[in-house]
Amino acid sequence: MVVTISEIDLISIKQPLKQPFKTSLQRVEEREVILVKVQSSEGLAGYGECVAFSTPWYTEETVASCRFVMENVLIPLLKGKVVERPEEIHPLFSRVKGNRMAKAAIEMAVWDLFAKKKELPLWQMVGGTREAIPAGVVVAADETEISEQVEAVIEKGYSRVKIKITPTTNIELLTGIVSRNPDTLFFADANGAFDEQSFEQLKRFDQIGLTLIEQPFGEQEWHLHARAKREMKTPICLDESITCLEDVERMIDEQAGDIIVLKMARLGGWSETLRIVELCRQHSVGMWVGGMIEFGVSKAHNLALAALPGISLPGDFSDSDHFWRQDIIEPEIKVRNGKIALSEKPGIGYAVRY
Ligand code: OSB
Ligand code: MG
């Protein structure tokens, strides 16, 4: 199978969120992403979505840095190339240092393009076996709003709810929420808000019955994560710390965590992510697919990833209308009975409108 890459377009997408996304790191009210459209000489189009934020509060890359690197470095490397397998993009881009989010957006568009060329749903092309993906939602609100928002999402059918925590989170409030909802899985995400001084505060979360605690410490705090894994019974899950295969190897070697969050954007795209999934399967490391407050193109790639065997926990998969008045895909993503059905159409399986 041969694909000649003829056109690569970058399209800016900007929308206000329906309600502010509040974490200890940042308050997000408006979201800007770059939609990537890669076309082949025969007129097929593959899509990726660059999910860096406008400022470097979550990862080092930004919308502006990604646009610069894509326009000036990555697109010139790829344009006009004859590609036989989507796996060729990762080594082609490896001469460029870092900039994984920029690379991922283009690389993922090429994977979509190949799936369309093969007339296969992307989830089938990568070896997915599941037909419906369990949904999960994030409540990122002020403490006064959390109880009400959790009840509202459970009412909507979500059976996995992620709550943002800090060293000053009201434990009694959280304990009440978890114990009132015994059929719901609760994840707690700290986005690195704890440190050595607040270690004892973290331990208070061990008694609540959480499914996992996500990224309690900073991304390079391997020792503290290993200490948390030793001293606590709640599984420790790494998100920000995991940027490549070597980070996962380190987590395993240093026993610094039990579970990882897969974010293809941060990992540089499909190739690296599939290597990581394989490694985690071999070492029985739990995995789930994380969100980035993204639009439907990124979500569609993530749904395809979540279809793989070994992705053991529900990811950040909410309805299109959770964040957006209007998503950029058709049909929009809809949670039914706590699950999202995978599309049977080729590629990411959704039409893109922008
Ligand atoms: O830490 O998981 C995170 C959103 C933006 C940046 C970081 C994170 C998040 C989320 C996922 O919590 C929200 C979602 O897209 O469903
Ligand atoms: Mg996280």
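Predicted model: local features only at pLDDT ≥ 70, side-chain atom pairs only at ≥ 80, totals over all residues.
Which residues line the second largest cavity? They are E49, V51, M108, K263, M264, A265, G290, M292, E294, S298 and N302. Two elements give two or more residues to this lining, namely α10 (264–267) and α12 (296–306). By type, the lining splits into 5 nonpolar, 3 polar and 3 charged residues. The space inside comes to about 70 Å³.

Now for the largest cavity, with a volume of about 220 Å³. Its lining has 22 residues, and F21, K164, G291, M292 and I293 are the ones nearest the centre. Here β6 (137–139) and β7 (160–164) are the elements that give two or more residues. The lining of this largest cavity is made up of 9 nonpolar, 5 polar and 8 charged residues. Overall, the structure holds 6 cavities of 30 Å³ or more.

Let me finish with the sheet. It is an open one of 4 strands, ordered β3-β2-β1-β4, with antiparallel pairing. At the edges sit β3 (45–50) and β4 (82–83), each pairing on one side only. Helix α3, residues 100–117, packs on this sheet and touches β1, β2, β3 and β4. The direction of α3 makes about 155° with that of β3. As for β1 and β4, 2 bridges join them, and T4 has V82 as its bridge partner in β4.

Conventions
Residues numbered from 1 in each chain as written. Chains lettered and ligands numbered in written order. Heavy atoms only, no water. 1 Å grid on protein atoms, 1.4 Å probe; cavity = no way out; pocket = protein on both sides within 12 Å on 5 of 7 lines; lining within 4 Å. Points joined across faces, edges and corners; volume = space filled by probe spheres on them. Nonpolar A, V, L, I, M, F, W, Y, C, P; charged D, E, K, R; others polar. Pairing = 2+ DSSP bridges. Contact = heavy atoms within 4.5 Å. Axes fitted to C-alpha atoms, helices over the stretch in contact; angles between N-to-C directions.
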